[in-house]
Amino acid sequence: MQIQWYPGHMAKAERKIREETSKADVMIIVGDARAPEKSVNADFYKSIGSKRRITVYNKMSLADPAGIEKWRAYYRDRGDDVFFTDCVSREGISQVTAYLKALKKTFKFEREARAIVAGIPNVGKSLLINTLCRKGSAKTGDIPGVTRGTNWIRSDEFYLLDTPGVLPPKFVEPEDGVILASIGCVKDTILDREDLALEIIDFMSRNYPSLLSERYRIDIGGMSPLQIYEAIASKRGFILKGGEYDYERCASTVIDEFRAGTIGKVMMCMPGVERC
Ligand SMILES: Nc1nc2c(ncn2[C@@H]2O[C@H](COP(=O)(O)OP(=O)(O)O)[C@@H](O)[C@H]2O)c(=O)[nH]1
Ligand SMILES: [Mg+2]
C-alpha cells in the first residue's frame, strides 16, 4: 500500500514554519504516542537549524503502556527531551508546563518567551496548546489539515504558535505511510480504506492477537487478515442484500475503532525493531 500526501498548503506551511522558527525560543515538536519517531518529521526539523527542541508524544491514553516504557528508556539513554502526554486525561501535561517554566528562567531577555508548536497532521497540536493555555483558543478538529493559518497564543509561561500539520514529502518506508494512515494522520480521501483496514488487521493479528480476538469475539488462530476481515463482517452482520459482505462498512468500523482505541491500546513501532 503506497501513500503520498503533500499538497501545496503543506509546502506553504513548511515555509511559514521556517520563517516563524527564527522568532521562537523553543520548538515543541508534537508526535503521536502510538508511533514515536515515525510520527515526527525529523529531517525537516534538522534542516531548520539548531533551535532548542523538545518532543511531545501526545494521545498517550491510546498507546500501549509497555511500549511507552520502552520508548521512555530509549530516550532517557539518549538524553533527549521527550515527553508523553494526553490532552484528554491531562497525563504528562504538568511535566511539560514545569519544563517550560524552568526553561524560561534560563532565558536572559525581558520579552515574552516564544514556543513554536509543529508536527504532522492530527496529532493534537491545537488541543495541546489549548490544554497548556487552559482556554479554547486554538482551533481543533478530527480532520487532518484543519489548521491552515498561524497565530501566537498566550499561555502562562510562553507565547505558543500553532502551525498546520506537515507530512514528509516522501515516506522513507512505505510502512511508515501505513502507520500514519492507521493512526489518522493522513487524509482519508487519498486512502484505499479496505487496504488500510487489512493492514490494521494484519498489524493487530501479529502484535495484539488477543485484543483483536476479544474485541470481535473471533478465534483468529491461523486466520489470514482477509479471513479475519470477513469474520468481523459476518460477526457484525455487515452483509449486503445479495448476501455478499459489506466490506466498506466493515473497513470503516475497523479503522474507526482502531483509531479511537476501542480495539485496545497499541504501539505501532518499537526502538530497534524494523517492522512491528
Ligand atoms: N484521545 C485523545 N485525543 C486527542 C488528544 N489530543 C488531541 N486529540 C484529538 O485528536 C484530534 C486532532 O486534534 P487537533 O488538536 O486538531 O490536532 P492537530 O491537527 O495536530 O492540531 C481531535 O479530535 C482531538 O480531540 C489526546 O491527547 N488524546
Ligand atoms: Mg491544528
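Guide: Helix α7 (residues 193-207) packs against helix α10 (residues 247-260) at an angle of about 50°, and their axes are 9 Å apart. Axes here are lines fitted to C-alpha atoms, for helices over the stretch in contact, and angles run from 0 to 180 degrees between N-to-C directions. Helices are DSSP runs (H or I, at least four residues), strands likewise (E, at least two), numbered from the N terminus. The model is predicted: local features need pLDDT of at least 70, side-chain atom pairs count only at pLDDT 80 or more, and totals for chains, interfaces and linings use all residues. Residues are numbered from 1 along each chain as its sequence is written, while chains are lettered from A and ligands numbered from 1 in the order in which they are written.

The two helices are therefore oblique to each other; angles under 35 degrees count as roughly parallel, over 145 as roughly antiparallel, 65 to 115 as roughly perpendicular and the rest as oblique. Their crossing is left-handed, that is, the near helix is turned anticlockwise from the far one by less than a right angle.

From α7, Arg 193, Glu 194, Leu 196, Ala 197, Ile 200 and Ile 201 meet residues of α10, including Tyr 247, Cys 250, Val 254 and Phe 258. Contact requires C-beta atoms, placed from the backbone, within 7 Å. The contact residues comprise 10 nonpolar, 1 polar and 3 charged; Ala, Val, Leu, Ile, Met, Phe, Trp, Tyr, Cys and Pro count as nonpolar, Asp, Glu, Lys and Arg as charged, and the others, Gly among them, as polar.

In the chain as a whole there are 10 helices and 6 strands.

Note on methods
Contact = placed C-beta atoms within 7 Å.
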